[in-house]
Amino acid sequence: MEKIKKIKIPDTAKVIVIADIHGELDLLKELVQKLNVQRDDRLLFIGDICEKGPDSSGVVDYVMELSEKNENAYVLEGNCDTLVHDLLELNPDLIGYLKRRENSLLHEWMIKEGVTFSEDTGIEEIKNVLVNRFGKQMEWLTGLPTVIESEKYLFVHAGIDSGEEWQETSRMEALTKRAFMDGSHRAGKQVIVGHWPVVNYPENGFSHAPLIDHDKKIISIDGGCAVKSSGQLNALIIESGTYSFMFVDHLPDVEVQGDYLPHRQEAAGITFPDYAIERLEVAEDFSRCRHKKTGRVLSVKNEYIEDDGHNVKDDVSCMLLPITHGERVKLVDGGCTGFDLVKKEGRVGWIPKGFLTSRLPLPSVHG
């Protein structure tokens, strides 16, 4: 691994880490304002500022300017931030990617230049058009480090190898390693990553909150922003040796009326990529299903099950969520029969209809 940036972080400094913005400029600005970042705080963006969301170009400009103005703000690369490398190196696979991906930094740049992408658009044509106008942004993106290292922490987008010589991790592995928390490392420092949404880890109980494993010295913070229907943009906050977090999302905020303490509170769900199930028993709202990957028998909301009964349509929580009168929750899906899907402090689960004060037009994911 060639691009390792070393920094010093005083023990007294507050450290704020944000990952996987994915082109969500409005959420990023809201989160930064909510954090009230001070000049002496260390602010780190650990990859995937681009792609999938609606304004990758805006996020690039915003983060680039912020890091230029604030000497304590640092940015490293994620796998979604490497498209510029592919463009400059004339990687022919890039054309196929742009055909599949509607929301992309390169698409946004082409629109700004009045270029219409079509089946016949060539990669050299794209490069020639964009280099002159967006050369500064390209130079900045291609110059981002792969790892930021301090005395106590390693910040990397996806993960590192498990050996003692973590510096030998390939750049591709550092940017694309899946489910890093399922493994281990011997770097001797706390490793903070994004890339793999934390909701994909079964032990996180279908929560988008950062996942901390003190024994493994791994913290994973990707809240699934722009890639999960219940996702959020997380900021991990480290201050005086303690960990906390803030988040923002696009979901409507509603107040709870009444208390609901379900008989079943098992924190479980089904997430990408393991959607295969066996439907065992059908009931009015939930079906009993065996999850093929884990063998667990779970109650799955009927609207989230494919017609053939062999797969779920999307990530789905199988938890009934306790709520208390006066609490504020985020509404994820209000279009199913009998129950609403809500999020509380990052955790997603079902509550019976009638507990939410707002009955405005509600989001429906699979209803």
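1. The second largest pocket is lined by 22 residues, and those nearest its centre are Asn200, Tyr201, Pro202, Thr271 and Asp274. The volume of this second largest pocket is about 350 Å³. Its lining comprises 12 nonpolar, five polar and five charged residues. Please bear in mind, here and below, that the model is predicted.

2. The largest pocket has a volume of about 870 Å³. A total of 35 residues line this largest pocket, with Lys52, Asn79, Cys80, Arg101 and His195 lying nearest its centre. Sorted by class, the lining of the largest pocket holds 15 charged, 11 nonpolar and nine polar residues.

3. How many cavities of 30 Å³ or more does a search of the whole structure find? The search returns one. The largest cavity has a volume of about 60 Å³. Its lining consists of Phe206, Lys228, Ser229, Ser230, Tyr304, Asp315, Val316, Ser317, Val332, Leu341 and Val348. In terms of class, six of the residues lining the largest cavity are nonpolar, three are polar and two are charged.

4. Two packed helices are described by the angle between their axes and the distance between the axes. For helix H1 (residues 25-35) and helix H2 (residues 56-69), the axes come within 9 Å and cross at roughly 30 degrees. An angle under 35 degrees counts as roughly parallel, and H1 and H2 are therefore roughly parallel to each other. On the H1 side the contact is made by Leu25, Leu28, Lys29 and Val32, and on the H2 side by Gly58, Val59, Tyr62 and Val63. The residues of the contact of H1 with H2 comprise six nonpolar, one polar and one charged.

5. Helix H2 also packs against helix H5 (residues 105-112), at an angle of about 95 degrees and with the axes 8 Å apart. That angle makes H2 roughly perpendicular to H5. Ser56, Ser57, Gly58 and Val60 of H2 make this contact with Leu105, Glu108, Trp109 and Lys112 of H5. The residues of the contact of H2 with H5 divide into three nonpolar, three polar and two charged. Gly58 of H2 is named in the contact with H1 and in the contact with H5.

6. Beyond its neighbours within four places in sequence, phenylalanine 45 is in contact with Ile18, Ile21, Leu28, Val63, Leu66, Tyr74, Val75 and Leu76. Among these partners, Leu28 and Val63 also take part in the contact of H1 with H2. The C-alpha atoms of phenylalanine 45 and isoleucine 16 are separated by 8.6 Å, the two residues being 29 residues apart along the chain.

7. Leucine 87 belongs to helix H3. With 0% relative accessibility, leucine 87 counts as buried. Residues up to four places away in sequence set aside, leucine 87 touches Leu94, Leu106, Ile123, Ile126, Lys127, Leu130 and Met138. A separation of 8.2 Å is found between the C-alpha atoms of leucine 87 and glutamate 124, which are 37 residues apart along the chain.

8. Most residues other than glycine have a negative phi, and most peptide bonds are trans. Leucine 90, although not a glycine, has a positive phi of about 55 degrees. Leucine 90 sits in the loop between H3 and H4 and is partly exposed, with a relative accessible area of 31%. Lysine 217, likewise not a glycine, has a positive phi of about 60 degrees. Lysine 217 is placed in the loop between strand S8 (211-213) and strand S9 (218-220), and at 38% relative accessibility it counts as partly exposed.

9. Which residues are joined by a cis peptide bond? The bond links phenylalanine 272 and proline 273, with omega about 0 degrees. Proline 273 lies in the loop between strand S13 (269-270) and strand S14 (277-282).

Conventions. Residues numbered from 1 in each chain as written. Predicted model: local features only at pLDDT ≥ 70, side-chain atom pairs only at ≥ 80, totals over all residues. Heavy atoms only, no water. Axes fitted to C-alpha atoms, helices over the stretch in contact; angles between N-to-C directions. Helix = DSSP H or I, 4+ residues; strand = E, 2+ residues; numbered from the N terminus. Parallel < 35°, antiparallel > 145°, perpendicular 65-115°, else oblique. Contact = heavy atoms within 4.5 Å. Nonpolar A, V, L, I, M, F, W, Y, C, P; charged D, E, K, R; others polar. 1 Å grid on protein atoms, 1.4 Å probe; cavity = no way out; pocket = protein on both sides within 12 Å on 5 of 7 lines; lining within 4 Å. Points joined across faces, edges and corners; volume = space filled by probe spheres on them. Buried < 20%, exposed > 50% of the residue type's maximum accessible area, 1.4 Å probe, protein only.
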